[in-house]
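Dear colleague,

Please find the structure below, together with its sequence. My notes on its aromatic contacts and on one surface patch follow.

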Amino acid sequence: MIEIKKITLNDLAALKALSIKTFTDTFAKDNTPKDLKEYLDQAYTEEKLANELQNKDSEFYFIYSNEQLSGYLKINVNEAQTETIEEDALEIERIYIDSNFKRLGLGKMLYHKAIERAKELNKTSIWLGVWEKNFSAMKFYHKMGFTQVGQHSFYMGEDEQIDLIMKMAL
């Protein structure tokens, strides 16, 4: 049984723990421990996550598989978007699945939740940034219909990395 549930401030501790775990599982092997720790200490503080949860232009969703927390989605519209790609766009800022629940189609379900919300909000496109070395994610997004429209720098600690900006019209 799969359930997708909107995250509230009451879920802050679970969101922080899952964010740190999934980000570490995804990127630790390709980054130094120092750069990873510096990023995690800045990106996933309770204060920062609480502010993101309270932003009216951001939404977070947990996904559960058989009542076990398995991953999460963060989407942004309007001023919450990390970049201005298009006026009527929705940004998928984060889709992360716990490594214990990968290959079950949960990422695709969260992707479909983002598409559903974009349509409900009358958005004309959806976009995201994906690390140029995250080949499995790039393959997934290409398969879903995204095309690369640009790139930007992303810092993991002091290490400058490149995120590819991918977009899809709705």
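Tyr72 is buried, at a relative accessible area of 0% (buried means under 20%, exposed over 50%, partly exposed in between, with a 1.4 Å probe and protein chains only). This is a predicted model, in which local features need pLDDT of at least 70 and side-chain atom pairs count only at pLDDT 80 or more, while totals for chains, interfaces and linings use all residues. Residues are numbered from 1 along each chain as its sequence is written, and side-chain values use heavy atoms, with hydrogens and water left out.

Rings of Phe, Tyr and Trp (its six-membered ring) pair if their centres lie within 6.5 Å; planes under 30 degrees apart count as stacked, over 60 as edge-to-face and the rest as tilted. The count by this rule is 15 aromatic pairs. One of them, Phe27 with Tyr96, is edge-to-face, at 6.5 Å centre to centre and 85° between the planes. This pair links helix α1 (residues 12-27), which holds Phe27, to strand β4 (residues 89-97), which holds Tyr96, across 69 residues; helices (H or I, at least four residues) and strands (E, at least two) are DSSP runs, numbered from the N terminus. Phe27 is buried at 9% relative accessibility, and Tyr96 is buried at 13%. The rings of Tyr72 and Tyr96 have centres 6.0 Å apart and planes at 35°, so this pair is tilted. Tyr72 lies in strand β3 (residues 68-77), 24 residues from Tyr96. One aromatic cluster includes Phe27, Tyr72, Tyr96 and Trp131.

Turning to strand β1 (residues 2-6), Ile4 is located there and is partly exposed, at 32% relative accessible area.

Kind regards
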